[in-house]
Amino acid sequence: MPLLPRLLTVFALSLSMISPSIAFAAPSMVYLVRHGEKTPDEKDPALTAQGRQRAQNIATLLSKTGIAHVFSTPTNRTRQTAQPLAQASGLPVQEYDPRAPRALVEKVKALNGPVLVVGHSNTLSELVRLFGGQPGTEIADNEYDRVYQLIPGPDGVTTVLFTSVPPTGAAP
């Protein structure tokens, strides 16, 4: 057999062996949270002391999940919420455009490993839906503790909803 047909046969065989793994590339888990409590009346507010504590609590809560990718919108409050876990995990905080949720979902679906996405009260429900989960009730402006865990499976996505530990000194 000439060399070119042999190389093409080897290439085709190799491709057929790796293509199933490419088709199943997907995050093992997606966590979605809203940024922590923010300072009032600023154009791009930072986190309050409570918000910084909540960000640390989220980092502690998710520290054993093996987060491999961290995403945040380009605002101070979301980056500051994502930073403690990203820093503890040695990961960069990757920014995404909250006005282009489908682009983020497609990017995340091409990744492997658990993913954290930090967003806003008016964007998380749509992101949960786009990932195939069930968001439940809309997130109130004064609600900061909702944590979505989306578990991809053969029959779709299972949504687990829990709350982050309240910040130290916060009312229950």
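This briefing covers the fold, the sheet, the helices and the nonpolar cores of a predicted model. Residues are numbered from 1 along each chain as its sequence is written, and side-chain values use heavy atoms, with hydrogens and water left out. Because the model is predicted, local features need pLDDT of at least 70 and side-chain atom pairs count only at pLDDT 80 or more, while totals for chains, interfaces and linings use all residues.

The protein has five helices and six strands; helices (H or I, at least four residues) and strands (E, at least two) are DSSP runs, numbered from the N terminus. Of its 172 residues, 39% count as buried, where buried means under 20% relative accessible area, exposed over 50% and partly exposed in between (1.4 Å probe, protein chains only).

**Overall layout**

- From the N terminus on, the order of elements is α-β-α-β-α-β-α-β-α-β-β.
- Among contacts with a separation of 6 or more, 62% are between residues 24 or more positions apart; a contact means heavy atoms within 4.5 Å.

**The sheet**

- The six strands make an open sheet of mixed pairing, in the order β3-β2-β4-β1-β5-β6; two strands pair if DSSP finds at least two bridges between them.
- At the edges are β3 (93-95) and β6 (156-163), each of which pairs on one side only.
- Neighbouring strands of the sheet are turned against each other by 25° on average, direction ignored; axes are lines fitted to C-alpha atoms, for helices over the stretch in contact, and angles run from 0 to 180 degrees between N-to-C directions.
- Strands of a sheet pair through backbone hydrogen bonds, either parallel or antiparallel.
- β1 (residues 30-34) runs parallel to β4 and is joined to it by five bridges, and Tyr-31 has Leu-116 as its bridge partner in β4.
- β2 (residues 69-72) also runs parallel to β4, through four bridges, with His-69 opposite Val-115.
- β1 and β5 (residues 146-153) run antiparallel and share four bridges; here Val-33 stands opposite Val-147.
- β5 and β6 are antiparallel over eight bridges, with Leu-150 opposite Thr-159, and a hairpin of two residues joins these strands.

**Strand β4**

- β4 (residues 115-119) is mostly covered, with five of its five residues buried.
- Val-115, Val-117 and Gly-119 point one way from the strand, Leu-116 and Val-118 point the other way, and all are buried.

**Helices**

- Helix α2 (residues 49-62) has 14 residues that should span 20 Å at 1.5 Å a residue, and its end C-alpha atoms are 20 Å apart, which agrees; the expected span is 1.5 Å times one less than the number of residues.
- At the start of α2, a side-chain oxygen of Thr-48 comes within 3.3 Å of the backbone nitrogen of Gln-50.
- The buried residues of α2 are Gly-51, Arg-54, Ala-55, Asn-57, Ile-58, Ala-59 and Leu-62.
- An α-helix has 3.6 residues a turn, so residues three or four places apart point the same way.
- The cover over the buried residues of α2 includes β1, α3 (76-89) and β4.
- Helix α4 (residues 101-109) lies across β1, β2, β3 and β4, and runs at about 175° to β2.

**Nonpolar cores**

- The largest nonpolar core has 18 residues, and those with the most contacts inside it are Leu-32, Phe-71, Val-117 and Leu-127; such a core is a set of buried Ala, Val, Leu, Ile, Met, Phe, Trp, Tyr and Cys residues joined through side-chain atoms within 4.5 Å.
- β1, α4, β4, α5 (124-130) and β5 each give two or more residues to this core, and α5 gives the most, with four.
- Apart from this core lies another of 14 residues, among them Met-29, Val-33, Val-70 and Ala-82.
- Not counting residues up to four places away in sequence, Leu-32 touches Val-117, Leu-124, Leu-127, Val-128, Phe-131, Arg-146, Val-147, Tyr-148 and Leu-150.

**Val-33**

- Val-33 lies in β1 and counts as buried because its relative accessibility is 1%.
- Beyond four places in sequence, the contacts of Val-33 are Ile-58, Leu-116, Val-117, Val-118, Gly-119, Leu-124, Arg-146 and Val-147.
- Val-33 and Thr-163 are 130 residues apart along the chain, and their C-alpha atoms are separated by 9.4 Å.

Definitions and conventions:
Polar contact = N/O pair within 3.5 Å; in protein donor to acceptor, adjacent residues only side chain to side chain.
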